[in-house]
Amino acid sequence: DGARVFYHDLFTNGILYLDLGFDLHALPQEYLPYVTLLGRALLETGTASQDFVRLSQRIGRSTGGIHPSTLTSARRDGDQALARLFLRGKSTMSQTAELLDILREILQSARLDNRERFLQIVLEEKADQEAGLIPGGHAVVNSRLSALFGEAGWAGEQIGGVSYLFFLRQLVGQIERDWASVQAVLEQMRSLLLNRNQM
(Lines give C-alpha, C1' and ligand atoms only; values in the text may rest on other atoms or scores of the structure.)
Protein backbone atom coordinates (compact mmCIF):
# COMPACT_ATOMS: atom_id res chain seq x y z
CA ASP A 1 0.00 0.00 0.00
CA GLY A 2 2.72 2.48 -0.92
CA ALA A 3 5.30 1.61 1.75
CA ARG A 4 8.54 -0.28 1.00
CA VAL A 5 8.83 -3.46 3.06
CA PHE A 6 12.04 -5.44 3.58
CA TYR A 7 11.79 -8.89 5.13
CA HIS A 8 14.87 -10.67 6.46
CA ASP A 9 14.35 -14.41 6.87
CA LEU A 10 16.62 -14.94 9.88
CA PHE A 11 16.34 -17.23 12.87
CA THR A 12 15.23 -15.06 15.82
CA ASN A 13 13.97 -17.73 18.23
CA GLY A 14 10.35 -16.62 17.89
CA ILE A 15 10.99 -12.89 18.26
CA LEU A 16 9.72 -10.38 15.72
CA TYR A 17 11.95 -7.35 15.14
CA LEU A 18 10.14 -4.51 13.38
CA ASP A 19 11.80 -1.26 12.30
CA LEU A 20 9.65 1.53 10.91
CA GLY A 21 11.81 4.02 9.01
CA PHE A 22 10.72 7.48 7.91
CA ASP A 23 12.60 9.43 5.22
CA LEU A 24 13.93 12.68 6.70
CA HIS A 25 14.19 14.26 3.25
CA ALA A 26 10.48 15.06 3.66
CA LEU A 27 11.39 17.70 6.27
CA PRO A 28 12.68 21.25 5.77
CA GLN A 29 16.35 21.46 6.80
CA GLU A 30 15.61 23.69 9.78
CA TYR A 31 13.55 20.88 11.33
CA LEU A 32 16.44 18.38 11.49
CA PRO A 33 17.50 19.32 15.06
CA TYR A 34 14.00 18.35 16.22
CA VAL A 35 14.22 14.79 14.85
CA THR A 36 15.64 13.09 17.96
CA LEU A 37 13.20 15.01 20.15
CA LEU A 38 10.25 13.99 17.97
CA GLY A 39 11.31 10.34 18.20
CA ARG A 40 11.35 10.53 21.98
CA ALA A 41 8.15 12.59 22.17
CA LEU A 42 6.23 9.96 20.21
CA LEU A 43 7.05 7.41 22.90
CA GLU A 44 7.26 9.59 26.01
CA THR A 45 4.36 12.06 25.97
CA GLY A 46 1.42 9.68 26.07
CA THR A 47 -1.36 9.36 23.51
CA ALA A 48 -4.95 10.52 23.18
CA SER A 49 -6.13 7.53 25.22
CA GLN A 50 -3.19 6.86 27.58
CA ASP A 51 -0.88 9.03 29.64
CA PHE A 52 2.90 8.54 29.48
CA VAL A 53 3.03 6.18 32.47
CA ARG A 54 0.25 3.89 31.22
CA LEU A 55 1.71 3.84 27.71
CA SER A 56 5.16 2.93 29.08
CA GLN A 57 3.63 0.15 31.17
CA ARG A 58 1.73 -1.18 28.16
CA ILE A 59 4.89 -1.19 26.03
CA GLY A 60 6.81 -2.97 28.81
CA ARG A 61 4.05 -5.50 29.42
CA SER A 62 3.30 -6.38 25.80
CA THR A 63 6.58 -5.96 23.91
CA GLY A 64 10.33 -6.26 24.25
CA GLY A 65 10.52 -2.48 23.93
CA ILE A 66 10.15 0.27 21.34
CA HIS A 67 12.82 2.92 20.92
CA PRO A 68 13.65 5.67 18.44
CA SER A 69 16.92 6.00 16.55
CA THR A 70 18.28 7.96 13.60
CA LEU A 71 20.48 6.94 10.70
CA THR A 72 22.43 9.14 8.31
CA SER A 73 24.76 7.60 5.75
CA ALA A 74 26.41 8.50 2.47
CA ARG A 75 25.73 6.28 -0.53
CA ARG A 76 28.38 4.69 -2.72
CA ASP A 77 26.68 5.81 -5.92
CA GLY A 78 26.89 9.46 -4.84
CA ASP A 79 23.12 9.90 -4.82
CA GLN A 80 21.23 11.69 -2.08
CA ALA A 81 22.34 10.59 1.39
CA LEU A 82 20.30 8.13 3.42
CA ALA A 83 18.55 9.85 6.35
CA ARG A 84 15.92 8.09 8.45
CA LEU A 85 14.09 8.29 11.75
CA PHE A 86 13.40 4.76 12.99
CA LEU A 87 11.00 3.39 15.54
CA ARG A 88 12.41 -0.02 16.44
CA GLY A 89 10.20 -2.51 18.22
CA LYS A 90 10.29 -6.18 19.10
CA SER A 91 7.83 -8.70 20.46
CA THR A 92 7.06 -12.37 20.54
CA MET A 93 5.12 -13.63 17.54
CA SER A 94 1.97 -13.96 19.64
CA GLN A 95 2.17 -10.25 20.60
CA THR A 96 2.70 -8.93 17.06
CA ALA A 97 -0.83 -7.50 16.79
CA GLU A 98 -0.39 -5.63 20.08
CA LEU A 99 2.98 -4.22 18.96
CA LEU A 100 1.36 -2.95 15.77
CA ASP A 101 -1.59 -1.48 17.70
CA ILE A 102 0.80 0.41 19.98
CA LEU A 103 2.80 1.74 17.04
CA ARG A 104 -0.37 2.82 15.25
CA GLU A 105 -1.59 4.66 18.36
CA ILE A 106 1.77 6.36 18.86
CA LEU A 107 2.03 7.50 15.24
CA GLN A 108 -1.54 8.76 15.03
CA SER A 109 -2.21 10.29 18.44
CA ALA A 110 0.98 11.00 20.41
CA ARG A 111 0.40 14.01 22.69
CA LEU A 112 2.72 16.51 21.03
CA ASP A 113 0.89 19.23 22.98
CA ASN A 114 2.31 17.99 26.31
CA ARG A 115 4.53 21.01 27.08
CA GLU A 116 5.78 19.89 30.50
CA ARG A 117 6.81 16.44 29.34
CA PHE A 118 8.43 17.78 26.17
CA LEU A 119 10.43 20.32 28.17
CA GLN A 120 11.63 17.48 30.42
CA ILE A 121 12.75 15.52 27.33
CA VAL A 122 14.67 18.55 26.01
CA LEU A 123 16.38 19.11 29.39
CA GLU A 124 17.37 15.42 29.54
CA GLU A 125 18.79 15.57 26.01
CA LYS A 126 20.70 18.74 26.85
CA ALA A 127 22.19 17.18 30.00
CA ASP A 128 23.20 14.04 28.09
CA GLN A 129 24.85 16.06 25.33
CA GLU A 130 26.76 18.21 27.82
CA ALA A 131 27.87 15.18 29.85
CA GLY A 132 29.26 13.53 26.71
CA LEU A 133 31.35 16.48 25.51
CA ILE A 134 34.54 15.71 27.45
CA PRO A 135 34.59 11.88 27.40
CA GLY A 136 33.40 11.85 23.78
CA GLY A 137 35.34 14.85 22.54
CA HIS A 138 36.92 12.94 19.66
CA ALA A 139 33.44 11.97 18.38
CA VAL A 140 32.24 15.58 18.69
CA VAL A 141 35.18 16.81 16.62
CA ASN A 142 34.73 14.02 14.07
CA SER A 143 31.04 14.87 13.69
CA ARG A 144 31.84 18.55 13.24
CA LEU A 145 34.48 17.81 10.59
CA SER A 146 32.29 15.28 8.77
CA ALA A 147 29.61 17.96 8.43
CA LEU A 148 31.92 19.79 6.00
CA PHE A 149 32.25 16.88 3.56
CA GLY A 150 28.78 15.73 2.64
CA GLU A 151 25.05 15.76 3.18
CA ALA A 152 25.05 12.75 5.54
CA GLY A 153 27.72 14.28 7.79
CA TRP A 154 25.95 17.62 7.84
CA ALA A 155 22.60 16.02 8.72
CA GLY A 156 24.23 13.90 11.44
CA GLU A 157 25.75 17.02 12.99
CA GLN A 158 22.37 18.78 13.04
CA ILE A 159 20.67 15.75 14.60
CA GLY A 160 23.28 14.77 17.18
CA GLY A 161 26.44 16.90 17.11
CA VAL A 162 27.52 20.06 18.87
CA SER A 163 25.11 22.03 16.63
CA TYR A 164 22.34 19.97 18.23
CA LEU A 165 23.57 20.97 21.71
CA PHE A 166 23.49 24.66 20.76
CA PHE A 167 19.97 24.13 19.42
CA LEU A 168 18.84 22.46 22.66
CA ARG A 169 20.16 25.34 24.77
CA GLN A 170 18.18 27.80 22.68
CA LEU A 171 15.08 25.58 22.59
CA VAL A 172 14.71 25.47 26.39
CA GLY A 173 14.07 29.21 26.44
CA GLN A 174 11.81 29.06 23.41
CA ILE A 175 9.58 26.43 25.04
CA GLU A 176 9.16 28.68 28.06
CA ARG A 177 8.54 31.86 25.99
CA ASP A 178 6.71 30.58 22.91
CA TRP A 179 5.49 27.01 23.31
CA ALA A 180 2.87 27.45 20.56
CA SER A 181 5.53 27.82 17.84
CA VAL A 182 7.45 24.76 19.07
CA GLN A 183 4.29 22.67 19.14
CA ALA A 184 3.43 23.86 15.62
CA VAL A 185 6.80 22.58 14.36
CA LEU A 186 6.23 19.18 16.00
CA GLU A 187 2.74 18.89 14.51
CA GLN A 188 4.00 19.85 11.05
CA MET A 189 6.79 17.27 11.35
CA ARG A 190 4.23 14.62 12.20
CA SER A 191 2.17 15.60 9.15
CA LEU A 192 5.15 15.64 6.75
CA LEU A 193 7.06 12.64 8.05
CA LEU A 194 4.76 10.10 9.68
CA ASN A 195 2.80 8.90 6.69
CA ARG A 196 2.79 5.92 4.36
CA ASN A 197 4.60 7.76 1.54
CA GLN A 198 7.66 8.43 3.72
CA MET A 199 7.67 5.00 5.43
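How are H4 and H7 oriented to each other, roughly antiparallel or roughly parallel?

**Entry 1: before starting.** I am working with a predicted model, where local features need pLDDT of at least 70 and side-chain atom pairs count only at pLDDT 80 or more, while totals for chains, interfaces and linings use all residues. Residues are numbered from 1 along each chain as its sequence is written, and side-chain values use heavy atoms, with hydrogens and water left out.

**Entry 2: H4 and H7.** I looked up helix H4 (residues 115–131) against helix H7 (residues 162–177) and found axes that come within 9 Å and cross at roughly 150°. H4 and H7 are therefore roughly antiparallel to each other. My notes on terms: helices are DSSP runs of H or I with at least four residues, strands are runs of E with at least two, and both are numbered from the N terminus. Axes are lines fitted to C-alpha atoms, for helices over the stretch in contact, and angles run from 0 to 180 degrees between N-to-C directions. Angles under 35 degrees count as roughly parallel, over 145 as roughly antiparallel, 65 to 115 as roughly perpendicular and the rest as oblique.

Next I listed who touches whom, with contact meaning heavy atoms within 4.5 Å. On H4 the contact residues include Phe118, Leu119, Val122 and Lys126, and on H7 they include Leu165, Leu168, Arg169 and Ile175. I sorted this contact by class and got 10 nonpolar, one polar and six charged residues. Here Ala, Val, Leu, Ile, Met, Phe, Trp, Tyr, Cys and Pro count as nonpolar, Asp, Glu, Lys and Arg as charged, and the others, Gly among them, as polar.

**Entry 3: H2 and H3.** Helix H2 (residues 52–62) packs with H3 at an angle of about 155°, their axes 10 Å apart. This pair is therefore roughly antiparallel as well. I see Leu55, Arg58, Ile59 and Ser62 of H2 meeting Glu98, Asp101, Ile102, Glu105 and Ile106 of H3. That contact divides into four nonpolar, one polar and four charged residues.

**Entry 4: H5 and H6.** Which residues make the contact between H5 and H6? I first checked the axes of helix H5 (residues 137–146) and helix H6 (residues 151–160), which come within 7 Å and cross at roughly 130°. H5 and H6 are therefore oblique to each other. Ser143, Arg144 and Ser146 of H5 make the contact with Gly153, Trp154 and Glu157 of H6. I count one nonpolar, three polar and two charged residues there by class.
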